Amino acid sequence: MEWLYDLFVQHRAASSWAYATRAYLLMLVGSTIFADKIFTLVEARYLLLFTDLDKCSGYSWGAAALVTLYRYLGDASMFSCKQLGGYPTLLQLTPADVIWRPFEDHRAWRQFDELCLYRGCLKWGDTVRPYLPDRCLRQFGYKQYVPSPPLDCMMATDIDVGWIGYHQSLITVIRPTTLATTPSDVEDDYLEWYYCVSHPRLVPPHRDDPREVPIPVYDAGPSDPDWARVSTLIHRYLRQVNAEEEDPQFADLFEALHISRSH
């Protein structure tokens, strides 16, 4: 990285703008979206991305960053891994820092939701990772249902062909669901499935037989949009302060939450 920076300064001083630009861009991606655990080096193969500087703006940099981050998150999930590679800043953005509906002015020409609801494999270089929006449908405004089994990207032979038919994938993803009326909307059998396959609580080990984890029963969401907004705000605050319904100081708020959900 230091050598790249010196090279950038050298070519900039000599007005060799194309060389200076390539050095800067290689340093930029090597320290952000394509960063690895070394942090002081960057792979030279990324330089091929900047062969034609006029085409760089047309590349799908977001997809490449996503594949790289997925790869390092997969590595970090292994017990033997002690450090997360990639660009963890992408995981530390607050909701206010994220543009949840980008390119609003271009929806007539480019259907953002359709592209994001593609279910299949993403490829960047020699890295292939599954992209499964059916596991987080509430981010797209749909009711969450029990998702299909994860893809085995090792069996993906031609990702380009799969991407060409992404419209069929879109139909497969949204056909079983409908638009959500509240952020917590899920299909009837989803929570039961989730508590069976996930780890909702961390508990100390017991010598006796493992106890069954209770599945919470949630109130039905309000049908009125104004009450739905009130319900969402109350629920968000209670989660932020880790409130328990048994705590007397939050009794009035929980009562208000139940009242708002009944309208």
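Colleague: Which residues form one aromatic cluster?

Modeller: Phe34, Tyr46, Phe50, Tyr59, Trp61 and Trp124 form that cluster. The model is a predicted one, in which local features need pLDDT of at least 70 and side-chain atom pairs count only at pLDDT 80 or more, while totals for chains, interfaces and linings use all residues. Residues are numbered from 1 along each chain as its sequence is written, and side-chain values use heavy atoms, with hydrogens and water left out.

Colleague: Why is the pair of Phe8 and Tyr24 called tilted?

Modeller: The ring centres of Phe8 and Tyr24 are 5.7 Å apart and the planes stand at 45°, so the pair is tilted. Phe8 lies in helix 1 and Tyr24 in helix 2, so the pair ties together parts that are 16 residues apart in sequence. The whole structure holds 11 aromatic pairs.

Colleague: Is Phe8 buried or exposed, and how do you know?

Modeller: Buried means under 20% relative accessible area, exposed over 50%, and partly exposed in between (1.4 Å probe, protein chains only). Phe8 has 14% and is therefore buried. Tyr24 has 39%, so Tyr24 is partly exposed.

Colleague: Which residues touch the most other members of the largest nonpolar core?

Modeller: Phe34, Leu117 and Trp124 do, in a core of 30 residues. The term denotes a set of buried Ala, Val, Leu, Ile, Met, Phe, Trp, Tyr and Cys residues joined through side-chain atoms within 4.5 Å. Helix 1 (2–13), helix 2 (17–31), helix 3 (61–76), strand 1 (120–124) and helix 6 (166–174) each supply at least two residues of this core, and helix 2 gives the most, with 5 residues. Apart from this core lies another, of 6 residues, including Ile234 and Phe250.

Colleague: What does Phe34 touch, not counting residues up to four places away in sequence?

Modeller: Among the residues that Phe34 touches are Val29, Leu49, Ala64 and Thr68. Contact here means heavy atoms within 4.5 Å.

Colleague: What makes Glu43 and Arg45 a salt bridge?

Modeller: A salt bridge is a side-chain nitrogen of Lys or Arg within 4 Å of a carboxyl oxygen of Asp or Glu. The N to O distance between Glu43 and Arg45 is 2.6 Å, so the pair meets the definition. Glu43 is partly exposed at 35%, and Arg45 is likewise partly exposed at 35%.

Colleague: How many salt bridges does the structure hold?

Modeller: The structure holds 2 salt bridges. Asp134 and Arg119 also meet in one, at 3.0 Å, N to O. Asp134 is in the loop between strand 2 (127–131) and helix 5 (159–164), and Arg119 in the loop between helix 4 (112–116) and strand 1. Asp134, at 2%, is buried, and Arg119, at 18%, counts as buried too.

Colleague: Why is the link between Thr182 and Asp185 called a polar contact?

Modeller: A polar contact is a pair of N or O atoms within 3.5 Å; within protein, one must be able to donate a hydrogen and the other to accept it, and residues adjacent in sequence count only if both atoms are side-chain atoms. The side chains of Thr182 and Asp185 are joined at 3.1 Å, so the distance falls within the limit. Thr182 lies in the loop between helix 6 and helix 7 and is buried, at 8%.

Colleague: Where is Tyr190, and what makes Tyr190 count as buried?

Modeller: Tyr190 is in helix 7 (residues 190–197), and its relative accessibility of 8% makes Tyr190 count as buried. Arg138 and Pro147 are among the residues that Tyr190 touches.

How values were computed. Helices (H or I, at least four residues) and strands (E, at least two) are DSSP runs, numbered from the N terminus. Rings of Phe, Tyr and Trp (its six-membered ring) pair if their centres lie within 6.5 Å; planes under 30 degrees apart count as stacked, over 60 as edge-to-face and the rest as tilted.
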